[in-house]
Amino acid sequence: MSNDFSRNAHVSSRELGSRTRILHALHIDPWLMLPLIALSVSGLFVLYSASGQSDTMLMTQIRNLGVAFFVLLVTAQLKVATLKGVSPYIFSITVVLLIGVAFFGVGAKGAQRWLDLGFIRFQPSEVMKVAMPLAVAWWLSKKALAPARRELLIAFLMVALPSLLILGQPDLGTSLLVAISGLSVIFMAGIQWRYILSMLFLTGLSIWPAWLFVLKDYQKQRVLTLFNPESDRLGAGWNIIQSKTAIGSGGWEGLGWTQGSQAQLDFLPEGHTDFIIAVLAEEFGFRGVALLFLLYALILVRGLIISWRAQSSFARLLAGALIATFFFGLIVNLGMVSGLLPVVGVPLPMVSWGGTAMVSMMIAFGMLMAISTEHSVTQGMR
Amino acid sequence: MVRQLNQMQDWARETRIIHGRIVVLALMMLVIMAGLLYRYFVLQVLQNDQYRAQSDRNRIAVRTVAPTRGVIVDRNGSLLAINQPSFTLAITPERADDLAQTLTTLRDLLGLSDQDVALFSDARKRRRAMSPVPIKYRLSDEDRALIAVNKHRLSGVSVASELTRFYPEGDLVGHALGYVGRIGIDDVDDTKKDEYRGITHIGKVGLEAYYEDVLKGGLGVSRVETNARGVELDVIDRIEPIAGSELSLHLDLGLQRTVAQAMGDMRGAVVAIDPSNGGILAAFSNPRYDPNKFVNGISFDDYAVLRDSRDSPLLNRVIQGQYPPASTIKPMLGLQGLNRNVISIDTRIADPGWYSLPGDPRRYRDWILRLRGTGHADDMNLRESIAQSCDVYFYDLAHRLGIDALAESLDEFGIGSLTGVDLPSEKRGILPSSEWKKRVIGSNWYGGETLIVGIGQGYMLATPLQLAVATSALATRGTAYKPKLVASVAGAALPLEPLLDVTAPADYWNEVVAGMVDTVFSPRGTAAGMRTGITYSVAGKTGTAQVVGIAQDATYDEDLLSEYQREHGWFVGFAPAENPEIVLAVLTENTGGGSTAYPVARAMLDYWMKQNEQ
């Protein structure tokens with residue numbers, strides 16, 4: 001036990017208030033929990049408006065949130081060591097399931113994303129969003145940081161295999177998020193800048209072959225439309241034009257809750273899912289958008305602080321990767337809706353309609369809380 | 001201890017590495033979030049106006065509101081063309097689940113014809129997306145009930161209340177009024193397309209076509225909020241349409257009825273003019289058609305009957321019927337003969353019953369020969385020749401004038417020229433001259449042809465309206481105004497437009513008019529049968545227009561000619577003779593002569609004089 005002491009952060013005898021102590025015992029990080037709750041509640045208002053004041057959708061979303069927060073709390077109770085211990089198994093099983101999807105998967109609209117196990121249908125790719133950072137953090141924290149070339153190579157393979165499997169479903173959005181969740185661990189682990197730069201360079205070079213051989217036609221269309229939405233006003237450009245119009249017409253103050261004409265008159269497609277921030281922007285104006293940014297910023301900052309203070313390298317890598325992945329999903333959505341990025345199916349975290357993505361995200365926040373509230377000096381093995 | 005030290009060094013190094021990366025990550029987050037926030041700031045605050053406008057363009061649809069078409073009333077305010085509320089069945093193709101199925105169902109329910117469906121398909125091409133396309137107008141109560149009951153089978157079908165043109169007098173004034181019809185593809189040219197957005201009908205013929213621009217009115221505009229599927233949700237504001245102008249006619253409905261009654265089944269045309277301004281008091285053409293049938297698309301079968309009828313009911317004979325004017329031109333020729341000094345008031349001519357040109361054995365018969373076996377008399381002067389319609393006198397006069405002076409003479413009375421009446425598709429008739437014959441027929445003029453033209457036969461053709469206008473110049477002793485059906489547009493009187501100006505000394509006019517009065521009032525006058533019980537003075541002239549040429553030695557035998565080869569009867573005249581209030585021209589087709597025409601004139605004049613006494 002004492003051997004490990006030195007590798008762990010020294011937990012000082014911090015003065016903990018009684019309330020804080022209770023939350024701590026429940027493994028709840030209040031600085032993460034409060035913005036998450038605020039975000040969810042504000043999201044419900046926007047969703048109610050975006051769904052055309054659908055009580056049914058509102059109730060369903062409340063139920064989804066309930067499940068998601070429950071999952072968060074459950075996850076938060078796990079010990080970091082447990083997480084680390086199970087991560088290689090979860091990862092391996094999920095990879096197998098992804099391969100299973102490739103061969104036996106079911107799906108709709110030309111995409112094969114679901115695995116039907118008879119008693120349950122689920123998306124292994126969602127599980128991979130969590131399994132990937134766990135596994136890569138586990139792998140890289142086995143050896144001293146920064147990782148050597150051999151470790152890096154294997155880490156990259158761990159990232160590449162599931163990402164390509166998901167890309168092949170095809171599900172570009174999830175594939176990107178999964179890849180990012182793994183790559184951000186590698187980044188946190190201190191991969192040398194020269195590798196990073198040369199990888200960026202290679203990525204740049206690979207755009208051309210990717211365009212020719214990897215991207216599907218509808219994906220290419222989304223990219224092309226980004227640069228000139230007017231070229232296809234009523235087709236692929238419609239979403240971008242309408243969402244920019246919704247955002248832009250909001251002004252400072254917005255048109256008022258449930259008063260946005262773009263959203264309420266059905267001009268804005270996918271207003272309750274991926275494009276929900278356009279509804280918020282139209283109805284609550286820039287003030288509402290700024291407030292939303294503030295809530296996200298609080299979560300990001302808290303996530304970084306948790307990573308900074310974590311008790312082991314594994315925990316730090318995991319926390320950093322989780323918050324970086326959250327950040328990546330967020331900016332892809334914000335950028336796509338405002339016409340800066342191609343339309344990729346990435347929801348606005350905590351606000352967009354939908355249960356699955358929310359649950360996997362809450363597992364991530366649960367893990368962050370587990371890391372944040374870990375106070376035993378005995379935890380945090382390599 | 002060493003191991004512990006190593007581990008502490010490891011931990012410190014890893015902390016340094018990871019903290020370093022967290023700082024990089026934090027910086028990235030800061031920069032990217034700030035950048036994204038700025039992006040939203042640009043869209044929402046800096047470019048707000050642009051996107052607000054874009055959003056309004058999305059949300060607000062400009063819909064045109066059709067104006068009410070101007071009504072048409074007669075001189076006493078009786079309604080001739082009005083707009084009646086009616087129900088129209090329309091289909092919005094986008095909202096029909098299965099358009100073909102809906103059409104089939106409607107065919108079964110309402111008995112829609114192929115033509116209805118064809119017109120519907122036509123109209124579809126001209127309308128905006130998401131707007132309803134009319135398919136059946138003037139739904140009966142039964143139709144509406146059927147539609148209501150079968151609503152569930154008729155997706156995309158709607159019933160709208162709108163105003164439809166209606167002509168209360170039916171066929172009585174049909175030719176003059178014309179009708180409106182559904183706008184066809186070629187009815188409106190591209191430059192005017194915008195003026196007709198939302199308007200379903202356009203004037204096709206008659207006054208409705210001629211005055212289309214003032215009757216139509218101005219479109220209103222209504223701005224409505226629509227959703228992405230174009231469904232109207234709310235009216236934001238509305239600029240009311242400008243109703244079309246009311247047309248007030250010179251026409252007197254009572255006179256028109258009198259004409260219709262007097263004409264009965266006779267084919268022909270009657271027109272009455274106010275000589276003081278050219279206003280058309282009655283314009284009647286028989287056979288007639290009911291313009292209401294055309295308003296919402298006449299069926300192909302009904303139209304074929306009208307179009308193919310030998311009696312040409314679609315023809316407005318008043319302006320489009322071209323007939324030999326026959327003896328009705330004699331007073332004008334007489335006046336011009338005096339004017340041109342080829343005859344004098346005292347010139348007397350012997351009428352043995354025929355006339356021949358010097359050195360030409362051919363005999364040009366006087367119509368009287370057939371009745372009496374002899375000519376009118378051997379000392380016929382102009383006045384007597386007009387009253388008794390002496391052909392020989394006018395053969396001689398024509399010969400003295402020569403064809404070109406004759407043509408010039410009648411040209412002054414507007415024969416062969418459009419009157420410029422306010423109706424479309426007027427015909428100009430034919431005023432032959434040697435130049436005309438060379439140009440049109442391609443041969444030289446023969447002296448004998450001059451004689452025939454001298455009695456209004458041969459190549460010469462005129463419309464009843466032309467003769468009425470010419471006669472009105474006789475009535476006013478020189479001045480005729482452009483004939484007009486419309487007296488005022490939206491209360492503003494149309495200006496007088498002089499058309500004819502014939503100058504002659506007063507005694508010439510008096511002599512000619514005296515001959516016309518004698519036509520009615522002297523025992524030998526050709527319209528003497530008209531005077532019984534008459535209480536006012538009338539000046540008139542009969543005419544009998546040959547339809548087929550009669551060979552030199554053949555005699556005209558009514559019984560041997562088919563109905564359509566029999567002669568037309570004419571009567572032109574005015575009353576009171578001294579101070580004319582009304583000028584009229586009556587033509588009866590294939591009735592054998594003028595004796596069928598003047599009773600119509602008498603009935604009209606009786607009505608008119610009696611009405612004006614009150």
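**Exercise 1. Find what share of the contacts in chain A between residues at least 6 apart in sequence join residues at least 24 apart.**

Step 1: take two residues as in contact if their C-beta atoms, placed from the backbone, lie within 7 Å. Step 2: keep the pairs at least 6 apart in sequence; of these contacts in chain A, 72% join residues at least 24 apart.

A note before you go on: this is a predicted model, in which local features need pLDDT of at least 70 and side-chain atom pairs count only at pLDDT 80 or more, while totals for chains, interfaces and linings use all residues. Residues are numbered from 1 along each chain as its sequence is written, and chains are lettered from A and ligands numbered from 1 in the order in which they are written.

**Exercise 2. Describe how α5 and α7 of chain A pack.**

Step 1: locate helix α5(A) at residues 80–104 and helix α7(A) at residues 149–167. Helices (H or I, at least four residues) and strands (E, at least two) are DSSP runs, numbered from the N terminus.

Step 2: look at the axes, which come within 10 Å and cross at roughly 25 degrees. Axes are lines fitted to C-alpha atoms, for helices over the stretch in contact, and angles run from 0 to 180 degrees between N-to-C directions. The two helices are therefore roughly parallel (angles under 35 degrees).

Step 3: pick out the residues. On α5(A), A:V95, A:L98, A:I99 and A:A102 meet A:L161, A:P162, A:L165 and A:I166 of α7(A). This contact has eight nonpolar residues (Ala, Val, Leu, Ile, Met, Phe, Trp, Tyr, Cys and Pro), with no polar and no charged ones.

**Exercise 3. Work out which helix supplies the largest share of the side of chain A that touches chain B.**

Step 1: start with the totals: 43 residues of chain A are in contact with 36 of chain B. Step 2: list the helices of chain A that each supply at least two residues, namely α8, α11, α12, α13 and α14.

**Exercise 4. Trace the order of the five strands in the open sheet of chain B.**

Step 1: read the order as β12-β11-β21-β20-β19, with antiparallel pairing. Two strands pair if DSSP finds at least two bridges between them. Step 3: check β20 (568–575) against β21 (582–588), which pair over seven bridges; B:G569 has B:T588 in β21(B) as its bridge partner.

Terms used. Parallel < 35°, antiparallel > 145°, perpendicular 65-115°, else oblique.
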